[in-house]
There are 2 protein chains.
Amino acid sequence: MSKGILVVVSGFSGAGKGTVMKRLLEQYDNYALSISVTTRNPRPGEEDGREYFFRSGEEFERLIREDALIEYARYVENYYGTPRSYVEEQLNAGKDVILEIEIQGAMKIKEKLPESLLVFVTPPSVEELKNRLEGRGTETPEVISSRLARAEEEAEGMENYDYLLINDDLEECVETLHHIIQSEHYRTHRNLKFVNRIKSETKVFA
Amino acid sequence: MSKGILVVVSGFSGAGKGTVMKRLLEQYDNYALSISVTTRNPRPGEEDGREYFFRSGEEFERLIREDALIEYARYVENYYGTPRSYVEEQLNAGKDVILEIEIQGAMKIKEKLPESLLVFVTPPSVEELKNRLEGRGTETPEVISSRLARAEEEAEGMENYDYLLINDDLEECVETLHHIIQSEHYRTHRNLKFVNRIKSETKVFA
């Protein structure tokens with residue numbers, strides 16, 4: 001019906017948004033994943049074009065000058081940005097594009113592309129977030145503390161998102177996200193061409 | 001999660017909204033149907049409390065005085081209204097309440113209860129609407145003409161609805177409506193209590 005929707009996903013670290021997005025893309029074929037570009041160095045196991053496009057500062061600044069990024073930001077000495085051409089191609093092809101990004105980036109996207117859809121992934125409670133981080137058994141108490149301390153900052157502005165996705169049961173969460181995105185295609189403001197066509201057709205019979 | 005949603009359904013006569021709503025209520029158990037009250041006489045086969053609550057003009061005016069109606073209107077010498085108590089009880093019990101109503105009533109509901117959800121049911125084209133009305137074989141050419149003539153009036157304001165539901169395939173349409181309503185429960189503005197709870201929980205760890 002309407003063209004693709006740009007879906008911006010944010011949420012607490014540890015809320016499981018990575019897993020939810022991975023499953024969404026595996027289970028349904030109408031989605032495309034937008035990969036960010038960054039100037040930070042790849043970590044062990046990361047691959048160019050999979051986790052990020054890894055570029056030099058000079059290359060990144062060229063992308064800015066050429067208006068090749070929908071938005072970009074600088075965090076801790078490094079640039080992060082969203083390549084425009086891939087997102088636009090996929091949207092025009094009718095794919096819904098999923099983009100994981102932090103809140104500042106999400107707000108910039110909403111400002112530049114008001115038709116985008118903002119989803120915030122959260123565990124049912126902060127207690128549950130703590131349990132999950134501890135349950136992994138892979139994080140030091142210090143890392144867990146710093147992640148929980150970041151949660152306050154991450155919650156700032158969650159009321160500006162369109163939808164809240166409570167990640168309690170993974171399968172249910174993936175299905176709900178799919179239904180949220182697909183239902184959005186039926187929003188009237190995304191179908192004004194259809195509205196205008198129907199209205200002009202009714203005049204023939206009036 | 002959130003409490004029930006009042007879902008207002010309007011659309012072209014002949015778009016099949018009656019059938020869609022009937023199937024929705026049969027297939028899923030989280031819905032309740034709001035029945036309007038009217039002063040018009042029952043038609044053959046209509047039952048009090050099923051199609052409408054049939055009341056005298058005097059009784060209707062008492063309902064108005066007692067503020068027992070969410071909205072009401074007068075069409076062609078008769079009153080039509082939405083009883084408040086049933087809708088409120090069902091919403092508080094967590095049921096999503098479905099209400100079929102014409103556009104003027106829908107706009108009044110949206111004004112009084114901004115959290116309500118407005119869905120407009122439409123065939124894929126006016127040509128298709130014409131084919132369906134003719135295909136029934138039960139309507140005279142005059143009735144079909146007058147219904148098509150009304151379509152222009154019915155399309156007026158369809159852009160004010162939240163969602164457009166294109167009734168092409170019945171089963172698909174019922175499922176889509178269900179997903180639209182259920183997805184709406186995840187809207188951030190319907191979950192501000194949750195947002196406030198999570199935010200206050202994060203402060204404990206900050």
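Predicted model: local features only at pLDDT ≥ 70, side-chain atom pairs only at ≥ 80, totals over all residues.
Residues are numbered from 1 along each chain as its sequence is written, and chains are lettered from A in the order in which they are written.

**Exercise 1.** Find out what average pLDDT chain A has.

*Solution.* Start with the chain: its average pLDDT is 92, and 99% of the residues score at least 70. Then turn to the complex, for which the predictor gives an ipTM of 0.90 and a pTM of 0.91.

**Exercise 2.** Work out which residues lie on each face of strand β9 of chain A.

*Solution.* First locate the strand, a DSSP run of E with at least two residues, numbered from the N terminus: β9(A) covers residues 163-166. Next, recall that side chains in a regular strand alternate between the two faces of the sheet. Here Y163(A) and L165(A) take one side, L164(A) and I166(A) the other, and all are buried (under 20% relative accessible area, 1.4 Å probe, protein chains only). Finally, look for the partner: β8(A), residues 117-122, pairs with β9(A) in the parallel sense over four bridges (pairing takes at least two DSSP bridges). F120(A) has L164(A) as its bridge partner.

**Exercise 3.** Decide whether R187(B) is buried or exposed.

*Solution.* Begin with its relative accessibility: R187(B) counts as buried because the value is 11%. Then list its contacts (heavy atoms within 4.5 Å): beyond neighbours within four places in sequence, they are D162(A), Y163(A), E184(A), R187(A) and Y163(B).

Conventions. Heavy atoms only, no water. Buried < 20%, exposed > 50% of the residue type's maximum accessible area, 1.4 Å probe, protein only. pLDDT = per-residue confidence, 0-100.
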